[in-house]
Structures are given as C-alpha cells and as structure tokens.
Amino acid sequence: MGSKFRGKYLQIIPYGTAHLVFHDTGDHYTWSKVLTYIHNIIIGKLWIDQSGDLEVTNHKTGDKCVVKFIPYSYFSRERMRRVNGKVTDKRGELHYVIKGYWDEKMECCEVLGGSEKDLKTGPAKVVWQAVPSR
C-alpha cells in the first residue's frame, strides 16, 4: 500500500490483487481495490471518498462485474459516495446493472433488453446494505 499527501487530502493507493477461492464449487474470484482519499486532514471536517473502477472477475465462468466509484465534485448536484456498475458474461453480454452508494446500500437490476443508453430492467433488489451503528 502506498500513500501520497497532497496538502488538502491524503491519497491511499492499494497494491496487488485480492483472491477468493470457493473450493466446493471451484469458483475463483479476483479484484483490485480502488483509490481512497481522506480530505481535510489538517483543517476542517474530515471526510473520505473513493474513486476508480473495481473489477471482480470469476475465472471459472469468465463473468465480470465492474463497479465505478464516482468521485465527489463540489460542482456536482449528485450525492457523495455514488457507485454504478454492470455484470457481464464471458462474451461481454450485459446481464445486470448496479447502482447505489458505497456507504449506504447497493441495488442490482436484471437487464431485460434495450440498448446500453435505454435499458429495460427488472425491479431493483438490494444486494448490500450497511447496518446502522448503535
């Protein structure tokens, strides 16, 4: 892991690839982590952001999930910590889309048809949700 101090923020750069193997099924997943930014270390309210593409690959089936962590911009009207992504098979055919916020919840919708600009999807299902702290 590396880091760079940029005055207003600290950038954390993860190195390497994570592996997860399910021995019962033979599924082997790999992924690399995204960049993390810690803002206002010296002065102001501390806050964290992440950016980059997280690509998870199943090496047994060739399926891929790419989740884009969208960096926050002061000039955007979007909420902070937004993510979106897609799940494709080994041929690159789109099967699911993902949307949400990395600190709250992520939802997944099955793609029923249409083009990438005008997708028809099924109902959203929550695939991950943060547990509120007590």
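**Confidence by element.** I started with pLDDT (the predictor's confidence in each residue, from 0 to 100) across the elements of this predicted model. Strands here are DSSP runs of E, at least two residues, numbered from the N terminus. The chain average is 93, and 100% of the residues reach at least 70.

**Ground rules.** I noted that local features need pLDDT of at least 70 and side-chain atom pairs 80 or more, while totals for chains, interfaces and linings use all residues. Residues are numbered from 1 along each chain as its sequence is written, and side-chain values use heavy atoms, without hydrogens or water.

**Ser3.** I found Ser3 in strand S1 (residues 2–5). Buried or exposed? Ser3 is exposed, because its relative accessible area is 52% (exposed is over 50%, buried under 20%, partly exposed in between; 1.4 Å probe, protein chains only). Beyond its neighbours within four places in sequence, Ser3 is in contact (heavy atoms within 4.5 Å) with Leu10, Gln11 and Ile12. I also checked Glu93, 90 residues away along the chain: its C-alpha atom is 37 Å from that of Ser3.

**Largest pocket.** The space in the largest pocket is about 270 Å³, a volume filled by probe spheres set on points joined across faces, edges and corners. Of its 14 lining residues, Lys8, Tyr9, His39, Trp47 and Tyr74 are the closest to the centre; lining means an atom within 4 Å of a point. Strands S5 (35–39) and S6 (47–58) each give at least two lining residues.

Key
Helix = DSSP H or I, 4+ residues; strand = E, 2+ residues; numbered from the N terminus. 1 Å grid on protein atoms, 1.4 Å probe; cavity = no way out; pocket = protein on both sides within 12 Å on 5 of 7 lines; lining within 4 Å.
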